[in-house]
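The sequence and structure are shown first.

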Amino acid sequence: MSSDPLEVLHFSAPALLEAAEQFGTPCYVTALAELDRRAAALRRAFPDPWIRQYSLKANPLPALVERLAKDGMGANVVSAGEWAAAAQAGLPNRLISFEGIGKTDAELRAAVAAAAVGEPLRWVTVESGSEMRVLEEAARSARLGESEHFLDVLLRLNPAVTPETRSEFQVGSKTSKFGMPEPELRELVQASVSRPSGLRVRGIHIHVGSQLMGTQAWAEGALKACQLLAEMSHLSGDLDTVDVGGGFPSTESPSPTDFRESLDQHLDEAHVALPRWVAIEPGRYLVASAGWLVTRVLHVRERPSLPQVVIDASMSELIRPALYGAIHPLFALTTAAGLPVATEVEGAVCESTDTFGIHDLPPLRRGDLLVLATTGAYASSMFSSYNGRPRPPEVLLQPDNTLTLARPRTPFAP
Ligand SMILES: Cc1ncc(COP(=O)(O)O)c(C=O)c1O
């Protein structure tokens, strides 16, 4: 089956109606068969020895992480909370990498402590010289250098490319807050090599951006990382890893295979080889198209311009439209008879930016069920309890079309 939401809806509508009936609305539903299909496509494009890691920030629900682990995905986390979610899903530290711009001293110390007891994370990605100093200090305090254990480290490069995506997602551009410029990264490698501390600098990490609609900037960024690693290889025999990040779009095109082919072409033209270990860490590609947000109509109003409906989902459950004007396809699961008309769809919280845009919808009544599509990524993971809203239940649509509850509705905690 394709990922076209309308086509998938045709098969999933009975299960989505059933989810609303059993678990109430709003309610997140994730189709596991779609997760498996996406993971298989990634494995075909980036087979072993490529390291495939799922970026939990897209959706850290342990049941999904566990499923993706069965599909051959490790985990990429950005906080102690996500690390705990990956552990809850059954992943050992050796399959979990830790990156992120907001790592605290306590989190860095926890990474060192895990290494000191012989359970190191796959690696920690360092964002700056000051973060490296905290990590080194923690390693020294834990006497990591005097033990037989190591903590592997990647350094995040700002690849200074122009990713083919909306400006909010261009994290690999020169002016973004993420990563280090090349000269700073080189200095850090040199300094770390001359100050052994139990940290082992293994290579370079990049992430050029999300929802990439072209492969060029991603491949250019990956090439830069591979070239820089090769240039620095005389400094240390440990330099053997590049993590090229995530960014594959939720759409079918460009596909993971398109990205891989573009990278191979860039490497060939520049006569550069891949290092021994290469990793990807996609989020959205794996989970976005698998997710649905089932919602109910609260108000139906005639407005001078267009009919308007207010639904019981909001920017609390799906902030992407309010945050960056994302439009999610929306379909009616139940309706009155009549032809579709352009209808304004508004959310349930007290913000006028809480709107889901204009959609062609048949006549609706209070209580009718609608579904927002492609909500598997950056929806429940960005949930906010604004207006005292409960966290919606997380329901799994199993490949045999049965429903299971992965997390119940959680009331607002005052
Ligand atoms: C460093 C890093 N890696 C991976 C990802 C996952 O991105 P995507 O969901 O677009 O694949 C992100 C997203 O922000 C990121 O910042």
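A crossing of two helices is called right-handed if the near helix is turned clockwise from the far one by less than a right angle, and left-handed if anticlockwise. In this predicted model, the crossing of helix 5 and helix 6 is right-handed.

**Helix packing**

| Helix pair | Angle between axes | Distance between axes |
|---|---|---|
| Helix 2 (residues 32-45) and helix 3 (residues 62-70) | roughly 40 degrees | within 10 Å |
| Helix 5 (residues 105-116) and helix 6 (residues 129-141) | about 45 degrees | 9 Å |
| Helix 8 (residues 216-232) and helix 9 (residues 256-270) | about 45 degrees | 9 Å |

Helix 5 and helix 6 pack at an angle of about 45 degrees, which means that helix 5 is oblique to helix 6. On helix 5, the contact is formed by D105, L108, R109 and V112, and on helix 6 by V134, L135, A138 and A139. Sorted by class, this contact of helix 5 with helix 6 comprises six nonpolar and two charged residues, with no polar ones.

For helix 8 and helix 9, the angle is likewise given as about 45 degrees, with the axes 9 Å apart; helix 8 is therefore oblique to helix 9. Helix 8 passes helix 9 in a right-handed crossing. Helix 8 contributes Q216, W218, A219, E220, A222, L223, C226 and Q227, which meet F259, S262, L263, H266, L267 and A270 of helix 9. Nine of the residues in the contact of helix 8 with helix 9 are nonpolar, four are polar and one is charged.

The axes of helix 2 and helix 3 cross at roughly 40 degrees, so helix 2 is oblique to helix 3. Their crossing, too, is right-handed. Here L32, L35 and A39 of helix 2 meet L64, R67 and L68 of helix 3. The contact of helix 2 with helix 3 has five nonpolar residues, one charged residue and no polar residues.

**Domains**

According to the domain assignment, domain 1 is made up of residues 5-28 and 288-407, while domain 2 covers residues 100-280. A distance of 37 Å separates the C-alpha centres of domain 1 and domain 2.

**Ligand surroundings**

Which residues come nearest to the ligand? Of the 17 residues around the ligand, these are H207, S210, G246, G283 and R284. By class, the shell around the ligand holds six nonpolar, seven polar and four charged residues.

Conventions:
Residues are numbered from 1 along each chain as its sequence is written. This is a predicted model: local features need pLDDT of at least 70, side-chain atom pairs count only at pLDDT 80 or more; totals for chains, interfaces and linings use all residues. A residue is near a molecule or strand if its C-beta atom, placed from the backbone, lies within 6 Å of it. Ala, Val, Leu, Ile, Met, Phe, Trp, Tyr, Cys and Pro count as nonpolar, Asp, Glu, Lys and Arg as charged, and the others, Gly among them, as polar. Axes are lines fitted to C-alpha atoms, for helices over the stretch in contact, and angles run from 0 to 180 degrees between N-to-C directions. Helices (H or I, at least four residues) and strands (E, at least two) are DSSP runs, numbered from the N terminus. Angles under 35 degrees count as roughly parallel, over 145 as roughly antiparallel, 65 to 115 as roughly perpendicular and the rest as oblique. Two residues are in contact if their C-beta atoms, placed from the backbone, lie within 7 Å. Domain bounds come from an automatic or database domain assignment.
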